[in-house]
Amino acid sequence: MAKASYAPMFETVSGALNKINKKSPHAADQKMVLTTHRKAPTTSPDCSRVYLRDLNSVTRSTPVTAKETTIRTKFAAVSAAVNTRLHDTTKQADDLAAFNLQKDAANGKKTMKSYIWSLESAAYDEALNG
């Protein structure tokens, strides 16, 4: 197995180094290069992995189900509502006060965005179910 030594400025290399351009006429000939780096307490110094994926492993082989479509629709709607609410200056003060009251509770949301997301998700579910 080959060993890779990284320059001192690169402590870790992780993620997609090269992606497949699906619109290219040569997409079938391209490879996606993925790397991972783990930091675990082991005796092995080999902690970097490199994977090559071709287009067939990236392309979905099953159709999108109705449940997935429902989840995607909800995500898109709630995401848009969260973005709108976070930039609405008329609600920011009230939202911040309500967030600060609940953030230290046992089930409280720890970030403002997750708090607003939970509110908008509940509002979406309520509007959908009645």
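The model is predicted, so local features require pLDDT of at least 70 and side-chain atom pairs count only at pLDDT 80 or more, while totals for chains, interfaces and linings use all residues. Residues are numbered from 1 along each chain as its sequence is written, and side-chain values use heavy atoms, with hydrogens and water left out.

**Helix α3**
- Asp95, Phe99 and Gln102 of α3 are buried (under 20% relative accessible area, 1.4 Å probe, protein chains only).
- The cover over these buried residues includes α2 (66-86) and α4 (112-129).

**Packing of α3 on α4**
- The axes of α3 and α4 are 10 Å apart at an angle of about 100° (lines fitted to C-alpha atoms over the stretch in contact, with angles from 0 to 180 degrees between N-to-C directions).
- The two helices, α3 and α4, are therefore roughly perpendicular (65 to 115 degrees).
- Asp95, Leu96, Ala98, Phe99 and Gln102 of α3 meet Met112, Tyr115 and Ile116 of α4 (heavy atoms within 4.5 Å).

- Val78, Val82, Phe99, Tyr115 and Ile116 form the largest nonpolar core (buried Ala, Val, Leu, Ile, Met, Phe, Trp, Tyr and Cys residues joined through side-chain atoms within 4.5 Å).
- Two or more residues of this core come from each of α2 and α4.
- Arg85 lies in α2 and is buried, with a relative accessible area of 18%.
- Beyond its neighbours within four places in sequence, Arg85 contacts Lys91, Asp95, Ile116, Leu119 and Glu120.

Definitions and conventions. Buried means under 20% relative accessible area, exposed over 50%, partly exposed in between (1.4 Å probe, protein chains only). Helices (H or I, at least four residues) and strands (E, at least two) are DSSP runs, numbered from the N terminus. Angles under 35 degrees count as roughly parallel, over 145 as roughly antiparallel, 65 to 115 as roughly perpendicular and the rest as oblique.
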